Amino acid sequence: MHPILYSFGTFHLFGYGVGPIQLYSYGFCLALALGISITLFARDAGLYIAPRIHLARQEAFQRTYDLAVWVILASIAGARLFYAVENYPEFVGHWWEVLFVWQGGLVFYGGLFGGALAGVLWFKRNRWPLAYSADLLAPYVSLGQAIGRMGCFLNGCCYGIVDEKHGVVFPGIGDGAPHLPTQLWELYGDLALFAALWWVRRHTLKYPWLTLSAYGLTYGILRFGIEYWRRDWDKRYLIYFVSASQAVSALLVVLSLAAMVWILWRGPKKAA
C-alpha cells in the first residue's frame, strides 16, 4: 500500500542538515482521527456539559484538550501493553523493548481500556458528569476508529487471511499472497456505528450509560466476527477464540448487553 504518504528531502536548519523527513500514513491517520474526534467532543462539551457544571463554553472546550493529552498517552501505553502480553514470546530476554512503541505493535483494545481509565480519572478529578460525558463521547470513538483503520490499510497492517478471490496484496508482508482487507471491513462497520450512535444519542442520553453500552455491544459483535477472517481457524486462544481480541470482544458483548438490560429496566433518569 502506501505506508509513507510523503517524504521531505534534506534541508538545512541553522547550518545543520535535517532530513529526510517522512510522513507516515498510519501516524497521519491516527493524528487525524484523534483531532477530529476530540474537536467534536469539545464542541459537545461546550454546548451540553458546560451549563451543567457552570463553566463558560470556551473554558469547557479548552479543558477537553487537556483531557485529550492524558487519554492519548494512556491509550498508547495500554495498546502497547496489550500487544506485549498477547505476544510475550517476542520480548523474552529483552523486555525493555516493550517501551519501543515506534517499532509498531499496538492493539486497539489495550488503547481503548487505557484511554477509558484515563478519562474516568480525569472526569472524576474535574467533577464532570461521568455517565453523560461518556455517552456524548461514544459515537466519536467509532468515528476515530474508522479513520484509524484507513491508516492500517495504507500501512499494510491488521490484514486478514489469504483469499485468492477477494484478497489484496500488501507489499509490506512480503509473501506476495492476496490477503483479505479486513481493515476496510472494520472501517465501513465503524462508520455505520458512528452514524447510528450519533442519531440515537438524542433519545438515549436520558438513560445514563446506555449510549456507551450500545457502543460496546455493537462494536464487540463487529470485531468478534471480523476476527474470524483475520486469524487462522486452526489456532485457538483460551480454547474457544481465535485471538485475544475476539475473547475480549465476547466479554464486551456480554457485559454491554447486561448493562443495557439493567439500564432499561431501571428507567430514564428524571434529571435528564
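**Exercise 1.** What volume does the largest cavity have? Identify the residues that line the largest cavity and sort the lining by class.

*Solution.* The structure is a predicted model.

Step 1. The volume of the largest cavity is about 30 Å³. The count of cavities of 30 Å³ or more comes to one.

Step 2. The residues lining the largest cavity are Arg149, Cys158, Thr182, Gln183, Glu186, Ile226 and Arg230.

Step 3. Sorted by class, this lining holds three charged, two polar and two nonpolar residues.

Step 4. Two helices, α5 (182-204) and α6 (210-230), each contribute at least two residues to the lining of the largest cavity. The most comes from α5, which gives three residues.

**Exercise 2.** How many disulfides does the structure hold? Work through Cys29 and Cys157.

*Solution.* 

Step 1. A disulfide requires a pair of cysteine sulfur atoms within 2.5 Å. The structure holds zero disulfides.

Step 2. For Cys29, the closest cysteine sulfur is that of Cys152, at 8.7 Å, so the two are too far apart for a bond.

Step 3. For Cys157, the nearest cysteine sulfur belongs to Cys158 and lies 3.9 Å away; Cys157 is in no disulfide.

How values were computed:
Residues numbered from 1 in each chain as written. Predicted model: local features only at pLDDT ≥ 70, side-chain atom pairs only at ≥ 80, totals over all residues. Heavy atoms only, no water. 1 Å grid on protein atoms, 1.4 Å probe; cavity = no way out; pocket = protein on both sides within 12 Å on 5 of 7 lines; lining within 4 Å. Points joined across faces, edges and corners; volume = space filled by probe spheres on them. Helix = DSSP H or I, 4+ residues; strand = E, 2+ residues; numbered from the N terminus. Nonpolar A, V, L, I, M, F, W, Y, C, P; charged D, E, K, R; others polar.
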